[in-house]
Amino acid sequence: MHITSGRWVFGLLLALLTALLWGILPIKLKQVLQVMDPVTVTWYRLAVSGGLLFAWLAARRRLPSFGRLGGKGKLLMLVAIGGLLGNYVLYLIGLKLLSPGTAQLVVQLGPVLLLVASVFVFKERFSLGQGIGLVVLLAGFGLFFNQRLEELLTSLGAYTTGVLTILLATSIWVFYALSQKQLLTVWGSQQVMMVMYLGCALLLTPWVHPLEALQLSPLQGWLLLACCLNTLVAYGAFAEALAHWEASRVSATLALTPLVTFIAVAIAAWAWPEYVHAEDINALGYLGAVTVVLGSALVALGPSLVAGWKARRARTVQAH
């Protein structure tokens with residue numbers, strides 16, 4: 001079993017850095033998507049990230065050995081590549097139809113779907129605390145979509161299509177996450193990600209238009225580079241955070257990501273209104289966003305909260 005280093009402050013800072021990078025990512029992507037198509041943007045992100053990881057691992061002589069995977073491992077790798085590829089492309093397609101904040105909030109369903117899948121695949125427990133968190137999260141979504149509920153439930157316009165596309169992207173992400181969890185028993189996280197990034201980029205190559213990058217403005221070009229590096233740095237910070245802090249607490253901290261997006265959009269819309277538009281939601285919608293974050297945090301912390309409550313109750317009983 002993995003034991004954290006105990007440097008929880010460092011782990012918290014790394015988790016907050018990850019939430020910040022993931023929170024501002026859709027704002028940058030939204031600008032790049034004005035010129036480039038989602039497939040080409042995804043290809044650039046994967047190729048650059050995978051190439052940098054390849055150079056890093058080659059320099060340290062830690063390139064992965066495919067012989068260690070075996071038949072089952074190679075099948076899992078194909079599933080992981082398909083899941084990651086589908087998630088990246090579908091997320092960008094949905095992002096073109098939605099605001100950054102809405103897209104990032106719908107993504108919060110990913111960890112919940114992963115939790116439910118883990119109950120069936122890995123026979124993990126679903127605690128009472130997690131159940132309460134799930135109810136709170138769903139109530140938060142109801143509040144967030146209060147202005148568009150009728151549209152979501154009765155029509156298939158651009159908004160509904162965007163939400164469903166992000167939801168599909170998040171569902172496909174679960175297959176990637178489950179496969180990666182098994183692959184990490186054979187390879188290190190950097191080795192797994194390198195192969196997946198380069199494998200996805202290779203599959204996308206026949207459909208990309210790399211010269212679209214030449215049509216970007218200087219600002220959009222820098223944003224594309226930032227998007228490519230964001231994936232690498234954010235994942236590295238996330239992996240390092242897990243080394244110093246409990247996974248449940250890291251996940252709860254990452255639940256703040258949608259709020260980071262909403263705050264970043266508000267600041268960017270005020271500072272650069274010609275580039276970024278403010279979120280079109282009311283006060284009840286913002287309350288719903290906060291409720292979704294609280295629900296996500298409860299889902300992540302559910303087991304530890306219940307265990308802590310039982311421990312305190314047991315000490316109270318023993319004291320009497």
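Start with K96. K96 is partly exposed, at 44% relative accessibility. The cut-offs: buried is under 20% relative accessible area, exposed is over 50%, and partly exposed is in between, with a 1.4 Å probe and protein chains only. K96 sits in helix 3. Helices here are DSSP runs of H or I, at least four residues, and strands are runs of E, at least two, numbered from the N terminus. Leaving aside neighbours within four places in sequence, K96 is in contact with K30, L33 and P38. Contact means heavy atoms within 4.5 Å. K96 and Q34 lie 62 residues apart in sequence, and 8.3 Å apart in space, C-alpha to C-alpha.

Some ground rules. This is a predicted model, where local features need pLDDT of at least 70 and side-chain atom pairs count only at pLDDT 80 or more, while totals for chains, interfaces and linings use all residues. Residues are numbered from 1 along each chain as its sequence is written, and side-chain values use heavy atoms, with hydrogens and water left out.

Next, R61. R61 is in the loop between helix 2 and helix 3 (70-97). R61 is exposed, at 81% relative accessibility. Look at the backbone: phi of R61 is near 55°, a positive value in a residue other than glycine. Most residues other than glycine have a negative phi.

Now helix packing. At what angle do helix 2 and helix 9 pack? About 140°, with the axes 8 Å apart; helix 2 covers residues 38-59. Axes are lines fitted to C-alpha atoms, for helices over the stretch in contact, and angles run from 0 to 180 degrees between N-to-C directions. That makes helix 2 oblique to helix 9. For the classes, under 35 degrees is roughly parallel, over 145 roughly antiparallel, 65 to 115 roughly perpendicular, and the rest oblique. The contact includes W43, F54 and W56 of helix 2, and M193, Y197 and C200 of helix 9. By class, this contact has 15 nonpolar, 6 polar and no charged residues. Nonpolar means Ala, Val, Leu, Ile, Met, Phe, Trp, Tyr, Cys and Pro; charged means Asp, Glu, Lys and Arg; the others, Gly among them, are polar.

L184 lies between helix 8 (158-183) and helix 9 (189-204). L184 is partly exposed, with a relative accessible area of 38%. Not counting residues up to four places away in sequence, L184 touches S189 and V192.

Last, the aromatics. Rings of Phe, Tyr and Trp (its six-membered ring) pair if their centres lie within 6.5 Å; planes under 30 degrees apart are stacked, over 60 edge-to-face, and the rest tilted. The count comes to 10 aromatic pairs. Take W22 and F238: their ring centres are 5.9 Å apart and their planes are at 45°, so the pair is tilted. W22 is in helix 1 (residues 8-32) and F238 in helix 10 (residues 218-244), 216 residues apart, so this pair links distant parts of the chain. W22 is partly exposed, at 27% relative accessible area.

Then F145 and Y159. Their ring centres are 6.3 Å apart with planes at 80°, so this pair is edge-to-face. F145 is in the loop between helix 6 (128-144) and helix 7 (149-154), and Y159 is in helix 8. Buried or exposed, F145? Buried, at 7% relative accessibility. Y159 is buried too, at 12%. F145 and Y159 belong to one aromatic cluster, together with F141, F144, F262 and Y286.
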